Amino acid sequence: MNGFRWRRETPLAGILLLLVVAVSIAQPRFLSPENLRSILLWLPLLVIVALGEMTVILTRGIDVSVGSMLGLSGMMTAMLLRDHPEIPVPVAALFAMAAGGGLGAINGGLVAGVGIPPIVATLATLGIYRGATFLVSGGKQVDDYQLPRALAGWSSDGPFGADIVPYVVWIALLAAVAMQRFLTDSRTGRDWYAIGGDPDGAADRGVAVRPRVFLAYVFSGVGSGLAGLLYASRFGTVNPASIGNGFELLVISATVIGGVSIFGGSGTVAGVLLGSLLLGTISVALAVLNIAETWQSAVYGAVLLAALLADDAMRRRLEREERG
Amino acid sequence: MGERWRRASARYLPELTVTGLLAVALLLSGWREPRFWDAAYLFDRSTLHMETGLLTLTMTLVILAGQIDLSVTSILALVGALLATLHVRFGVPMTVLLPFGPIFGGLLGSVNGYLVARRGLPSLVVTLATMALFRGIAQILLGDRSVMMPPEMVGIERVTLPKSYLHAPLLLLIVATVAAYLLLHRTVFGRYVTVIGVNPEAARYSGVPVARTMIRLFVLSGAMAGLCSLLLLSRLGVARYDHARGWELDVITAVVLGGTSIFGGRGTIYGSIAAFLLIAIVQTGMGVAGVKAEIQVTAIGFLLLLAIFLAKVTERGR
Amino acid sequence: MLDRRSFFLMVGTISTLLAGCKPDEPTSTPGASVPSAGASPVATEAGKKIRVVYIPKNTGNPYFDGVVSGFEEAARELPIEFSTTAPAQPDPTGQISFIKDEIQRGANVLCITPNSPDALNSVLDDARAKGVKVLAVDADFEKNESHRDGAILPTDFDTLGANQIELIGSLMNYSGKFAILSATTDAPNQNHWIAGMKEALKDPKYAKMTLVGVVYGDDRDQKSVTEAEGLLTKHPDLRGILAPTSVGVAAAAKVVESRKVADRVVVTGLGTPNTMRRYLKDGIVPAVALWSPPDMGYIAAYAAVGLAKGELKAEEGVKFQAGKRGERAFGKNGVVIAGPPLVFRKDNVDEYRF
């Protein structure tokens with residue numbers, strides 16, 4: 001089973017390695033510690049939201065509201081820290097996760113409770129949460145000087161004085177490890193795979209489908225909420241129009257490139273990590289190689305298509321091998 | 001009459017819901033804001049919505065077949081970029097290029113069609129990828145610049161039927177609506193689309209050419225985007241890579257609001273066009289009442305939930 | 001059968017709409033020439049307050065809050081009826097519906113900071129055909145000046161580039177490599193200034209300074225940060241980053257702080273005191289420049305009223321009194337310059353709140 005899973009990620013790891021080698025030949029400083037740090041700093045936001053997105057996609061759902069949830073919880077947390085500077089940042093992180101979890105619960109209620117199709121429910125909340133971000137903030141951005149210095153420190157300093165890998169990166173890696181354990185070792189995690197693989201069959205085998213699906217959306221919200229705080233840490237200013245806007249496309253791309261099947265039931269944390277890493281590496285590579293930034297969107301699209309086709313070819317080959 | 005009406009209204013619950021909401025929106029807008037009822041204004045402002053309306057029609061067919069096409073607005077932008085490049089860089093006259101709007105659009109759509117129908121890849125992800133790819137190519141072609149259109153091509157929305165406010169894009173939308181209605185509800189192709197949406201496996205076994213129908217659907221969707229590209233070029237007078245960015249969400253919202261099931265198999269042209277009108281009127285009403293942009297965004301989300309709730313609640317009450 | 005019912009419903013709805021909307025008195029050229037209620041300048045003569053609407057690029061952008069505060073100050077003095085509205089995202093075509101709606105709501109003057117210099121031409125022509133005055137504020141409709149009445153620009157764009165070069169030059173002792181981090185490749189203001197910067201660099205005074213490249217962050221946080229980090233990677237001996245855009249300069253400051261290279265890389269450019277306050281006070285950024293957005297809004301309001309009343313013509317040499325800010329004059333192309341750029345440093349930044 002493990003060998004099988006690993007092989008589905010092999011083409012992706014290959015593409016990533018090839019890309020790193022090619023860019024490093026063109027620009028040796030790509031491998032400089034500072035630049036590797038830039039790539040690592042791309043990860044936290046993307047990975048944490050993508051892990052939540054993955055749980056939703058595992059259950060055959062989709063959550064297009066992640067960018068708006070990130071925005072609304074990030075804005076609320078930034079306002080909390082602005083108005084109450086005495087609150088320690090870790091407490092604010094809990095608040096952000098709770099806020100995101102609440103928003104995710106609304107999505108989960110609409111999908112698992114009311115029975116609205118996931119893309120429709122989250123399409124609606126995408127607009128609603130974005131509007132709410134403007135309403136709670138009164139359309140005013142929270143500026144860097146209004147936020148505690150410790151918050152920015154999360155993105156610039158690392159543990160034991162090792163600033164090369166800042167705290168936010170460790171948070172993302174911890175989240176990934178925890179998610180991996182949760183998916184394989186917990187009942188809920190295994191149920192998510194079962195539901196996505198065969199919803200009716202899962203229900204027949206006694207899986208509580210609705211609560212499990214509900215929980216997947218809550219997870220997605222918690223991840224987006226935490227990412228909202230990390231956004232404030234990384235970029236300093238929290239603007240109601242720009243925070244998280246359009247982020248859902250990047251997240252879904254990273255998830256799918258990472259081999260999470262859009263039909264549900266299959267996907268790994270390692271894949272999501274690799275998918276996020278690939279997108280981050282491409283962005284940094286474009287900036288370092290002096291490639292006009294106008295190429296970015298086309299390159300993203302091409303990579304996503306290539307990943308799809310590679311994954312498809314791999315799947316067909318595995319199916320052939322299994323049969324013969 | 002009673003029994004038949006009840007059964008019909010049960011079957012067309014989403015369409016009835018959206019029609020009711022449409023009436024409410026019209027009355028509310030007129031009552032809250034007297035400046036809303038001004039034909040010159042309403043028709044003039046409606047020009048802003050025509051591309052979305054046209055795309056709603058083809059998106060209805062795509063979603064009805066259980067697929068989705070997120071790339072339409074990127075196709076729209078790329079077709080505009082291609083035409084502008086051919087015109088400006090190679091001096092091809094715009095009149096010669098006009099038919100190539102839908103043709104290029106159809107070709108781009110066939111890329112989606114091939115990947116979905118022949119390779120069996122999920123349309124959500126395929127069109128997510130081509131959405132980025134097509135817009136990216138448009139951006140490579142044009143950069144962030146605007147390319148001016150020749151003056152004789154600009155201003156189609158100002159062409160009206162004599163002694164009326166009926167402008168050319170609106171006439172086009174009306175014709176296209178009737179055509180889409182006939183295509184969906186009166187042709188073999190339309191029946192195939194619905195059958196595929198209900199159950200693609202069963203459709204295949206009963207002899208429906210699933211792959212061919214699907215490719216045609218995406219070609220049609222792309223061709224409509226190409227046509228809309230011409231409209232937008234004429235209306236704005238410039239080609240840009242970021243034209244119509246994000247409009248695909250408005251289009252999908254209209255289709256879903258109009259009662260088309262996102263899983264395919266159920267939906268009507270009437271529902272989609274009524275939902276499209278509803279969104280356009282709500283936006284116009286809020287605009288003339290001076291409602292802030294961020295609340296407008298929120299309102300459409302609530303509208304979508306409200307319509308689905310209403311349909312669900314009445315369904316359960318039966 | 002049931003399909004037919006829905007079809008009739010549809011035809012019915014559409015024809016009802018059309019019937020309800022037929023013009024009462026057919027005119028020779030319907031659509032464009034029909035004046036809508038309240039939009040004609042006659043209303044102002046009847047003693048009604050002049051209605052001025054400001055449409056910035058998008059909502060939630062703090063830079064424009066400063067402009068709005070200037071408008072509001074002038075609106076209290078004049079007095080006029082002032083309001084502001086904008087799309088949620090700065091899309092090139094997003095402002096069109098707001099312009100149409102505000103005309104219908106009876107605006108006498110539309111002040112617009114355009115998201116694109118050329119996508120609004122036809123809707124601006126409509127507005128002016130209905131007697132509404134159109135003023136570009138903060139950025140002009142470059143190459144499309146004939147579609148607006150006048151423009152209020154924050155400062156003299158022709159000398160701003162040279163000013164910025166002098167600023168960064170003085171901060172890096174007139175020697176070393178530096179790069180420019182701009183907004184989008186198409187941003188007309190920034191491109192105008194960058195051309196001025198390149199021109200200024202020909203001065204022998206700056207002979208030891210090398211411009212190693214111009215990169216574009218699209219005025220988005222993530223992209224600007226990535227581009228700024230890319231600059232530091234590509235040029236390990238970089239001595240300065242000049243970012244003539246408020247998102248870019250904040251991103252560059254964030255990056256040199258995060259990479260802990262503020263002691264050798266000078267970041268400066270154009271930024272608001274609010275976004276740059278902490279970086280200035282922490283010594284990450286020695287100085288940034290900007291004009292006063294409130295002054296620009298204030299002057300625009302006075303110009304707007306003069307135009308609406310017909311007392312003022314946006315022609316070269318025409319002077320007007322802009323309230324407490326004193327006299328201003330229309331220059332070439334009907335452009336008014338609001339004032340000189342200000343420089344914010346650690347010691348004076350707290351005097352400014354925008």
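## Pairing of E6 and E8 in chain C

In this predicted model, strand E6 (residues 176-182) of chain C pairs in the parallel sense with strand E8 (residues 238-243) of chain C over four bridges. Strands are DSSP runs (E, at least two residues) and helices likewise (H or I, at least four), numbered from the N terminus; two strands pair if DSSP finds at least two bridges between them. C:Lys177 stands opposite C:Leu238 in E8(C).

## The sheet and its helices

The open sheet of four strands in chain C has the order E7-E6-E8-E9, with parallel pairing. Strands E7 (209-216) and E9 (266-269) of chain C stand at the edges with a single partner strand each, so one side of each has no neighbour in the sheet. From one strand to the next, the twist averages 20 degrees.

Helix H6 (residues 157-171) of chain C packs on the sheet and touches E6, E7, E8 and E9 of chain C, its direction making about 160 degrees with that of E9(C). Angles run from 0 to 180 degrees between N-to-C directions, with axes fitted as lines to C-alpha atoms, for helices over the stretch in contact. Helix H9 (residues 246-258) of chain C lies across E6, E8 and E9 of chain C, at about 170 degrees to E9(C).

## Chain B

Chain B contains 15 helices and two strands. Along its principal axes, the C-alpha trace of chain B spans about 65 × 55 × 35 Å.

Among contacts (C-beta atoms, placed from the backbone, within 7 Å) in chain B between residues at least 6 apart in sequence, 79% join residues at least 24 apart.

## Conventions

Residues are numbered from 1 along each chain as its sequence is written, while chains are lettered from A and ligands numbered from 1 in the order in which they are written. In this predicted model, local features need pLDDT of at least 70 and side-chain atom pairs count only at pLDDT 80 or more, whereas totals for chains, interfaces and linings use all residues.

Note on methods. Contact = placed C-beta atoms within 7 Å.
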